[in-house]
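Please keep the sequence and the structure at hand while reading.

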Amino acid sequence: MIAAPPPHSDATKRTVTLTIDGREITVPEGTSLHDAARLLGIEIPVLCHTAKLRPVGVCRMCVVEVEGARTLQASCIRPCEDGVVVRTDSDVVRRTRRTLLELMMADQPAASAREASTGDDELLALARELGANRARFPSGAGRPADMSSQVIAVDHQACILCDRCVRACDEVQVNDVIGRSGKGYGTRIGFDLDLPMGDSTCVACGECVAACPTSALTNKPITGEPAAGEPAQGARPAALRQVESVCPYCGVGCAVTLNVDAAANRIVSSEGRESGATDGRLCVKGRYGFDYTSHPHRLTRPLIRKDSCYPKRPLTADMSGDDDGTREGRDLFDYDRALSAFREATWDEALDLVAKKLLAIKESAGPGALAGFGSAKCSNEEAYLFQKMVRAAFGTNNVDHCTRLCHASSVAALLETIGSGAVTTVYRDIENSDVALVTGTNTTHNHPVAATFFKQAAANGTKIIIVDPRRPDLADHAFEYVRIRPGSDVSFYNAVMHVILAEGIEDRAYIERHTENFDALKELVARYTPEVAAKICGVDAACIRRIARTIGGAAAMITFWGMGVSQHVHGTNNARTLINLCLLTGNMGRAGAGLHPLRGQNNVQGASDAGLIPIVYPDYQAVGNEKVREKFEKAWGVPLDPHAGKTVVEIAHAAEKGELKGLYVMGENPFLSDPNVGRARDAFCNLEFLCVQDIFLTETAEVADVILPASSYFEKTGTYTNSDRRVQLGQPALAMPGEARLDHEILCEVMTRMGYDQHFDTIEDVFREFSDLTESYAGLRYEHLRGRGKLWPCPDPENTDGTAVLFGDGFPTASGRGRFAPAEVIPPAELPDDAYPFVLNTGRVLAHWHTGTMTRRARKLDAIASEALCEMNPGDVAALGVADGDMVRVTSRRGSIRVKVKARAKVAPGGIFIPFHFREAAANLLTHDALDPSGKIPSFKFCAVKVEPA
């Protein structure tokens, strides 16, 4: 991690010398007695303290004798002093600890739930070690249990009031949910204003459970009651296998340890891994969302569409528009109905059919009539092989993935201005920033573990400026929250730059040394006075000036943005203004300063690096560059298409017109994720041939000709690159079900049967071929990627973590300079009017991911967020004449859905928010498929709708 220069060198730091158990030690002033003892190898027992938490000294278990002190001292909070003599294990110390333990044990339940499940009840273990007699003192009156949370069981009787959960919640995750309630013996931990945990603002991250030393807080079983003779999910068999891996959800890439019951082929629990860059933190998905991989819907044999089920149309009620927007009283996925259109097949039959159909289309209509959608949930190796299959075996550059729907505009702007599409610094660099600009991102929901570091930075003095039309939860920790009108980003940031230039607080030296095209920017933003911009963005001129002065006066500012910036027809312009702002103020290439578009999926950075983009080969090497193309033709042994391919939405439009006839989809679900998805569904039904490679029969697979059963994240080895550019190794924890196969083996089989022979002895051989064709990954091998992984670029992987901050000495552009890209305001594709007066914004919720293929099959995540909601401002809800929780109909010029309304002040008047995870109320039936001209990204964040009582 980047470290800011310390205020004083080690040479000037004062030290103290003391004696502990007869051994002398010299330590820095301020070191606690507890930590000094550990340096000598002396373990002092403690219950209220861990290395991650601020010491508070409430359990008194760590007491020691200090000569000259009248009482025993809590070693975790007593600082070392020169010349003191300490005894950590005297008779009086041992008696005191034993008595304290016996008092605590008297109130403990007869059986420890933590001992039975995770086997780490610290109180019980310490009582055994010190020989405490739990029957010495009478038990007090019973205290209640609280089972209201979906994932966490609370037993107040087992609580020893050590406050570890309080500090874990308030200081590590910074959620401020847990405190103390009551008086005297009745004192207990409380949630918010002493609410049941399930009714509180708890986000179910599980940090409190991880911190708790007793059975007061434990994880509930994930999969319900076991069958007779089986241990419960969460129960600890005689031996568990620990597997180090990475969370399969968002771009933060949290390091996890999976506890696996190998005999049952089951993940028992998921824990944050302390050795990772995320310090052992997880969110609700990373801790409780692993059981989807064992869902009964898993595909286990290849499927071929029955002859009687042509012509192809969506099979289930939600996909064909026959349902009412709810899931009550029915199987959510209508799985049997979907499955009934297919017959089981052997692998040879299915693979031969796939190859035959694709080759026939290639021969009759040309390579351009084929395309492939890869996946940002698959590994770097699988992404590399997929784009290689499309380019070398299909013969086309028509290959894309979900980056087109999230940060394609950001990448376009970054490549144009600084010559690289990746982040310039890591998200934890906010620890070194005095200002952080966070815009267009609901970070606590979309990147919750990254958000914990943002909140900690705010508590430590970083001024967080949040700019967003919908007030995110992170605004509670902000220095200033600015609510702009939807789609007005360019006017706001141009006005901020206008003020910075007008007041002379730009970094002139940086501009002259490291940038070009400054005069063009200066000329453009001169027109965007705060008064002019205020009429567009809805932010008063005084606020614009205040924000500009804060940014211009910052010693180091880091800028984060999400899809609220990128998912517009002017998304590239939005990103250009943010890059311009950082270049203008010199906030690049040093600690605490830089650009970080927060990447969505777990491997969207890696999939892009691996070449799942229609205009570039791996490592962003342009397909139109003759020398680059010759390099890959030599490596792959076939001639390659010199023309840029089609993007996700362009592929759908081409299928609609009959120009694109064959499509191979691996791990994507465009039936829910594409904009104007009703049109996209019709387009996919128009395909001559569709092959879907996935772990479930997805909504898209309903119109497939062949479905190939693939491997889940937890069943394979591969590398994944997070939003920081950190490359980490995922390792298999489970065996695949039935006849399911590894994804890379399926791809190699398809290529081989198409006449392009591919075989790799190991998956690492695929990684080696990929990395050797790049500069960014050059030199990396699996042996380097265990534990924390490595940041790319990493010139010395044997000895360093990689490069955290990029471009301190220039940019990878032709001139070596960053280029200002002046951006004008571009209107949205459609504006609200009398017929469609509301602006729809779509996005994610904390408990779910993307199209819900995994999270809605994860039992606890589905229970936490079981239905779609339409969030509206309370004033707008009242004006509609409906109550909170009523059904409403939301209609755009493209489609209509029924959904429950939820009154929330975080939504601005005139706006609505609908998450896109829910098939029964698919938000993308409403969205617009107009594209940003540079990034070819659709406008998921702005379309006009009307809302009516249902």
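## Salt bridges

Arginine 768 and aspartate 765 both belong to helix 28, where they sit three residues apart, about one turn of the helix; helices (H or I, at least four residues) and strands (E, at least two) are DSSP runs, numbered from the N terminus. An α-helix has 3.6 residues a turn, so residues three or four places apart point the same way. The side chains of arginine 768 and aspartate 765 meet in a salt bridge at 2.9 Å, N to O, a salt bridge being a side-chain nitrogen of Lys or Arg within 4 Å of a carboxyl oxygen of Asp or Glu. Arginine 768 is partly exposed at 29% relative accessibility, and aspartate 765 is partly exposed at 24%, where buried means under 20% relative accessible area, exposed over 50%, and partly exposed in between (1.4 Å probe, protein chains only).

The model is a predicted one, in which local features need pLDDT of at least 70 and side-chain atom pairs count only at pLDDT 80 or more, while totals for chains, interfaces and linings use all residues. Residues are numbered from 1 along each chain as its sequence is written, and side-chain values use heavy atoms, with hydrogens and water left out.

## Bridges across the sequence

The structure holds 64 salt bridges, and one of them joins glutamate 244 to arginine 273 at 3.7 Å, N to O. Because glutamate 244 lies in strand 11 (residues 241–246) and arginine 273 in the loop between strand 13 (266–272) and helix 7 (284–288), this pair ties together parts that are 29 residues apart in sequence. Glutamate 244 is partly exposed, with a relative accessible area of 35%, whereas arginine 273 is buried at 5%.

Arginine 298 forms a salt bridge with glutamate 715, and their closest N and O atoms are 2.8 Å apart. Arginine 298 lies in the loop between helix 7 and strand 14 (303–305), and glutamate 715 in the loop between strand 28 (706–709) and strand 29 (718–721), so the pair ties together parts that are 417 residues apart in sequence. Both arginine 298 and glutamate 715 are buried.

## Aromatic pairs

Rings of Phe, Tyr and Trp (its six-membered ring) pair if their centres lie within 6.5 Å, with planes under 30 degrees apart counted as stacked, over 60 as edge-to-face and the rest as tilted; by this rule there are 22 aromatic pairs. The rings of tyrosine 713 and tyrosine 720 have centres 4.7 Å apart and planes at 40°, so this pair is tilted. Tyrosine 713 is buried at 7% relative accessibility, and tyrosine 720 is buried at 3%.

The rings of phenylalanine 767 and tyrosine 782 are also tilted, because their planes are at 45°, with the centres 5.6 Å apart. Phenylalanine 767 lies in helix 28 (residues 763–772) and tyrosine 782 in helix 29 (residues 782–785), so the pair ties together parts that are 15 residues apart in sequence. Phenylalanine 767 and tyrosine 782 are both buried, and they belong to one aromatic cluster that also includes Tyr384, Trp636 and Trp792.

In helix 17 (residues 518–525), the buried residues are Phe518, Leu521, Leu524 and Val525. These residues lie on the same side of helix 17, because they cover an arc of only 130° around the axis, the arc being that of the directions from the helix axis to the C-beta atoms. The face turned away from this buried side carries the exposed residues Asp519 and Glu523.
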